[in-house]
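User: I have a structure open and would like to go through parts of it. Can we start with a loop?

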Amino acid sequence: MGQNGSKTNKEKNDIIEKVRKLNILDFKEEVKKKIKKLEKQLSDPDVTNDIEKLKKLGQEHSKLSELNTLFESYEQSLEDIKALKEMYENNEVSEEEYQSMLQDLEEKQEKTRKKIIEGLVSQDEYDERNIIMEIRAGTGGDEASLFASELMRMYLRYAERKNWKYEVLDLNENELGGIKTAILKIKGQGAYRRLKYESGVHRVQRVPQTESSGRIHTSTATVAVLPEATDIDVQINENDLRIDTYRASGAGGQYVNKTDSAVRITHLPTGIVVTCQNERSQHQNKEKALNILRAKLFEIKLEEQQSQLIQERKSQIGTAQRSEKIRTYNFPQNRVTDHRIHYTTHRINEILDGDLDEIIDKLLEKDLKEKLESLTI
């Protein structure tokens, strides 16, 4: 599995450790009922003739069957602990033997409980994917563009801390060193799982360097985080595209090459326009622009799915809408507050230097708690 896989498992375990204890056997009968229902569906000719539906229901049946086996193992561990206590009360085992055996049984029981919880709580199927991140300056003029630049640096530093790789796919800078828009690709195991909560409006409160009266200004930047889409997720018809080439522009810097190879792609059915100008090759810019377009089209598909899920289960966290204010960075108070979980830390410089795990872990923990509290089979 490797080091990254071990880290992923450890993070899951750490989060589950913090979640309140559940009487997981309450879900056993529901699992059994659903297995019977699935078995009936799987024998239906309409299902057996539909390969995709058959595959999906088969996978669900396999998952629930594994859960049912874990429930049986968990119940057996309860019986074993009960029998051991009776043996101890009847002086059939010594104190030392009892404590040693009890510890082994309880550890085995806890491992089974964690596996059941992980099985009950549906994980996002895109959690382990790379991401496409779009950062856009909001209200606040030049100060907003400077803040957007700081957010970009924060996420790139976070990627470095995680030993993830990244690419700047597109960048629109201004003369002050701020950015109007930036599109990043961050590649690493669990990138979407860790960063999906960053979508939304980020707000900064501070005194700009150009402010002579010392008045605190409020500016914003918007972040959108999307799982990288594949050709299977989104199929793009070349006939739906208008492709234009032009000379790269911008304030310069390490990310922009001023060549004639910049590409603008318009998706005619949706009106979505994407650009890429960072590579010297027109072909490379086109490929990157298509990558961005594919992610934006995938976003539309995910939003439709999410709207359906919201009807089924309300969630305070999830992934924020682009218009939702999620976090405030207050420089005078050395404060960062995440408004979704009402969590505040006074480590603003460390956070902006990419030390985000403190906040992200809290978001993951809260999300898992809510999923467990609203859990239905």
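This is a predicted model: local features need pLDDT of at least 70, side-chain atom pairs count only at pLDDT 80 or more; totals for chains, interfaces and linings use all residues.

User: Where does Asn 163 lie?
Analyst: Asn 163 sits in the loop between α6 (142–161) and β2 (165–173). Helices (H or I, at least four residues) and strands (E, at least two) are DSSP runs, numbered from the N terminus.

User: What about Asn 334, where is that?
Analyst: Asn 334 is in the loop between β9 (325–330) and β10 (335–338). Its phi is also positive, near 50 degrees, in a residue other than glycine. Asn 334 counts as partly exposed, at 30% relative accessibility.

User: New topic: strands. How many residues of β3 are buried?
Analyst: Seven of the nine residues of β3 (residues 179–187) are buried, so the strand is mostly covered.

User: How many bridges join β3 to β1?
Analyst: Six bridges join β1 (residues 131–137) to β3, and these strands run antiparallel. Ile 132 has Lys 185 in β3 as its bridge partner. Two strands pair if DSSP finds at least two bridges between them.

User: And β2 with β3, how many bridges there?
Analyst: β2 and β3 pair over eight bridges, in the antiparallel sense. Leu 184 in β3 is the bridge partner of Val 168. The hairpin of these two strands has five residues between them, and Gly 177 takes a positive phi near 95 degrees there.

User: What is the strand order in the open sheet of three?
Analyst: The order is β6-β7-β8, with antiparallel pairing. β6 (241–246) and β8 (272–276) stand at the edges with a single partner strand each, so one side of each has no neighbour in the sheet. The twist averages 15 degrees from one strand to the next. For that angle, axes are lines fitted to C-alpha atoms, for helices over the stretch in contact, and angles run from 0 to 180 degrees between N-to-C directions.

User: Which residue in β7 is the bridge partner of Thr 245?
Analyst: Val 263 is the bridge partner of Thr 245. Six bridges join β6 to β7.

User: Which strand holds Ile 265?
Analyst: Ile 265 lies in β7 (residues 262–267). Ile 265 is buried, with a relative accessible area of 0%.

User: What does Ile 265 touch?
Analyst: Not counting residues up to four places away in sequence, its contacts (heavy atoms within 4.5 Å) include Leu 241, Ile 243, Val 273, Ala 289 and Leu 293.

User: Last one: how many residues does α4 have?
Analyst: Helix α4 (residues 51–89) has 39 residues. From its first C-alpha to its last α4 reaches 57 Å, close to the 57 Å expected at 1.5 Å a residue. The expected span is 1.5 Å times one less than the number of residues.

User: Which residues of α4 are buried?
Analyst: Among them are Leu 57, His 61, Leu 64, Asn 68, Phe 71 and Ile 81. Just after α4, Asn 91 takes a positive phi of about 60 degrees.

Definitions and conventions
Residues are numbered from 1 along each chain as its sequence is written. Side-chain values use heavy atoms; hydrogens and water are left out. Buried means under 20% relative accessible area, exposed over 50%, partly exposed in between (1.4 Å probe, protein chains only).
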